[in-house]
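Hello,

Here is the structure I said I would hand over. Please open it first, then read the notes below with it on the screen.

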Amino acid sequence: MEAEGLGWLLVPLHQLVSWGAAGAMVFGGVVPYIPQYRDIRRTQNAEGFSTYVCLVLLVANILRILFWFGRRFESPLLWQSVVMILTMLLMLKLCTEVRVASELNLKRRVFSDFDPHHFWHWSSFADYVQCVLAFTGVAGYITYLSIDSALFVETLGFLAVLTEAMLGVPQLYRNHRHQSTEGMSIKMVLMWTSGDTFKTAYFLLNGAPLQFSVCGLLQVLVDLAILGQAYVFTRYPLKPAPHTAHPASAKAL
């Protein structure tokens, strides 16, 4: 009798928790970029943030949406992709405006030049939009032609989540190359880690396709590696190389 009496409370409570988890899945992924966006806007410096993070997430989420047409998964994961694409476009717009405003090189670099040396380093946000639309069109057409192939659909899903799992790799590489995490928002990476941990648990508990769970775990490992870099480079900063006089200068003295 007591269990039956609590039933009226447990059912709506379970529904409320489900809605909360779904909302966290849809919007939780964009929260880490809020402090980074604010930092860039405040300092007018985007050097600490790799725009290749935006490229990775745009590709991953476009592929995930196309995967949905071949194998339907939960709606929150689909809407998460839509929200993430819009967020990455906003980040790209800000980073491009800040970078162009501080550039001394006045030569315009455009997507339609198809110059691989300037790929993803164009002078206008519109060029990034053109690139995203071109990729979406090509990938969408290939998916339309191959949608009946189970192998293609499963491969598409794997590529989508594997690409997303590589999200932190551009930031990891940038930090390693500069031997510094200066300009990178630690809050952003901490939110990446907590968000990816929650997301992976969500995949496992809700029976999402296997690709989602495996790549979610990989994503958490990359996040932890970036946090490790932040700790090492802060505790053991790279010492500047001692200045040595040029032989010609010494001779002149």
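Cavity, pockets and rings

Helix 9 supplies four residues to the lining of the largest cavity, the largest share of any element. Please keep in mind that the model is predicted.

The structure has one cavity of 30 Å³ or more, and the largest cavity holds about 40 Å³ of space. Its lining is made up of Arg64, Val161, Glu164, Lys199, Phe203, Phe212, Cys215, Gly216 and Gln219. Helix 6 (150–165), helix 8 (186–205) and helix 9 (210–235) are the elements that give two or more residues to this lining. Sorted by class, the lining of the largest cavity has four nonpolar, two polar and three charged residues.

Next, the open spaces. What is the volume of the largest pocket? The value is about 380 Å³. The largest pocket has 17 lining residues, and Glu47, Phe49, Ser50, Thr51 and His121 are the ones that lie nearest its centre. Helix 4 (75–102) and helix 7 (169–178) each contribute at least two residues to the lining of the largest pocket. Of the elements, helix 7 gives the most, with five residues. By class, the lining of the largest pocket comes to eight nonpolar, five polar and four charged residues.

The second largest pocket has a volume of about 220 Å³. It is lined by 20 residues, and those closest to its centre are Gly28, Gly29, Gly195, Asp196 and Lys199. Lys199 is also on the list of residues that line the largest cavity. Which helices each supply at least two residues of the lining of the second largest pocket? They are helix 1 (2–28), helix 3 (52–70), helix 4 and helix 8. Helix 8 gives the most to this lining, with seven residues. The classes here are ten nonpolar, seven polar and three charged residues.

Last, the aromatic rings. A search of the whole structure finds ten aromatic pairs. One of them joins Trp68 and Phe69: the ring centres are 5.4 Å apart and the planes are at 80°, so the pair is edge-to-face. The cut-off behind that name is a plane angle over 60 degrees. Is Trp68 buried or exposed? Trp68 counts as buried, because its relative accessibility is 18% and buried means under 20%. Phe69 is partly exposed, with a relative accessible area of 48%. Trp68 also has a charged residue over its ring: Arg72 lies over the face of Trp68, at 3.9 Å from the ring centre.

Another pair is Phe119 and Trp120. Their ring centres are 5.9 Å apart and their planes are at 35°, so this pair is tilted. Phe119 is partly exposed, at 34% relative accessibility, whereas Trp120 is buried, with a relative accessible area of 1%. Phe119 and Trp120 both belong to one aromatic cluster, together with Phe111, Phe114, Trp122 and Tyr128.

After that, look at Trp68, with Phe69 paired to its ring and Arg72 over its face.

Regards

Conventions:
Residues are numbered from 1 along each chain as its sequence is written. This is a predicted model: local features need pLDDT of at least 70, side-chain atom pairs count only at pLDDT 80 or more; totals for chains, interfaces and linings use all residues. Side-chain values use heavy atoms; hydrogens and water are left out. Rings of Phe, Tyr and Trp (its six-membered ring) pair if their centres lie within 6.5 Å; planes under 30 degrees apart count as stacked, over 60 as edge-to-face and the rest as tilted. Buried means under 20% relative accessible area, exposed over 50%, partly exposed in between (1.4 Å probe, protein chains only). A charge sits over a ring if NZ of Lys or CZ of Arg is within 6 Å of the ring centre and within 35 degrees of the ring normal. On a 1 Å grid over the protein atoms alone, a cavity is a set of points where a 1.4 Å probe fits but cannot get out, and a pocket is an open set with protein on both sides within 12 Å along at least five of seven lines; lining residues have an atom within 4 Å of a point. Grid points are joined across faces, edges and corners, and a volume is the space filled by probe spheres set on the points. Ala, Val, Leu, Ile, Met, Phe, Trp, Tyr, Cys and Pro count as nonpolar, Asp, Glu, Lys and Arg as charged, and the others, Gly among them, as polar.
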